[in-house]
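I opened my notebook to look up a few features of this structure. My entries follow in the order I made them.

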Amino acid sequence: AYMRQWSSPGWYGQSLDNKPYLTLDDAGRVIASDPEGYRILVWDAIGTPVEVWGEYGSDVSAFDLPTGIAADGQGGLYVIDSGNNRVMYFAPE
């Protein structure tokens, strides 16, 4: 059954690369990649923004077209950073 929706800045236009990828973590948070915004967005289960991180680049805190994402059972997050040709893993804090 439909429960809720919320808006998110980004993902405008017709670009095939500028579409979000989503995952849910064990805490029920919704995590999305923002490929052309070079960032990761996190909301709680009711749509309240919780966290945003990332910027354009190639160091360990930056992305170049982050696409696929997946949360693991230990609170970590895998991100496909396709423009930098790498898979990144972010351990829980």
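Entry: I started with tyrosine 56, which is exposed at a relative accessible area of 54%. The cut-off for exposed is over 50%. I kept in mind that this is a predicted model.

Next I looked for aromatic pairs. The count comes to five aromatic pairs. Tyrosine 56 belongs to one of them, with tyrosine 38 as its partner. Their ring centres lie 4.9 Å apart, and the planes stand at 65 degrees. I noted the pair as edge-to-face.

Where do tyrosine 38 and tyrosine 56 lie? I found tyrosine 38 in the loop between strand 2 (30-34) and strand 3 (39-43). Tyrosine 56 is in the loop between strand 4 (49-53) and strand 5 (66-71). The two parts are 18 residues apart in sequence, so the pair ties them together. I also checked the cover on tyrosine 38: its relative accessibility is 25%, which counts as partly exposed.

**Entry: a second pair.** I then looked up tryptophan 53 and phenylalanine 90. They form an edge-to-face aromatic pair, at 5.6 Å centre to centre and 70 degrees between the planes. Tryptophan 53 sits in strand 4 and phenylalanine 90 in strand 7. This pair links distant parts of the chain, 37 residues apart.

Is tryptophan 53 buried or partly exposed? I read 21% relative accessibility for tryptophan 53, so it counts as partly exposed. Buried would need under 20%. I also found that Trp53 and Phe90 share one aromatic cluster with Phe63.

**Entry: the surface.** Last, I looked for a nonpolar patch. Tyr78, Ile80, Val87 and Tyr89 form one on the surface. Together they have about 370 Å² of accessible area. Strand 6 (77-81) and strand 7 (86-90) each give two or more residues to the patch.

I checked one member, tyrosine 89, which is found in strand 7. Its relative accessible area is 38%, and I logged tyrosine 89 as partly exposed.

Definitions and conventions: Residues are numbered from 1 along each chain as its sequence is written. This is a predicted model: local features need pLDDT of at least 70, side-chain atom pairs count only at pLDDT 80 or more; totals for chains, interfaces and linings use all residues. Side-chain values use heavy atoms; hydrogens and water are left out. Patches are made of residues with over 30% relative accessible area and no salt bridge: like charges are joined within 9 Å, nonpolar side chains (Val, Leu, Ile, Met, Phe, Trp, Tyr) within 5 Å. Accessible areas come from the Shrake-Rupley method with a 1.4 Å probe; for residues, only the protein chains shown count as cover. A salt bridge is a side-chain nitrogen of Lys or Arg within 4 Å of a carboxyl oxygen of Asp or Glu. Helices (H or I, at least four residues) and strands (E, at least two) are DSSP runs, numbered from the N terminus. Buried means under 20% relative accessible area, exposed over 50%, partly exposed in between (1.4 Å probe, protein chains only). Rings of Phe, Tyr and Trp (its six-membered ring) pair if their centres lie within 6.5 Å; planes under 30 degrees apart count as stacked, over 60 as edge-to-face and the rest as tilted.
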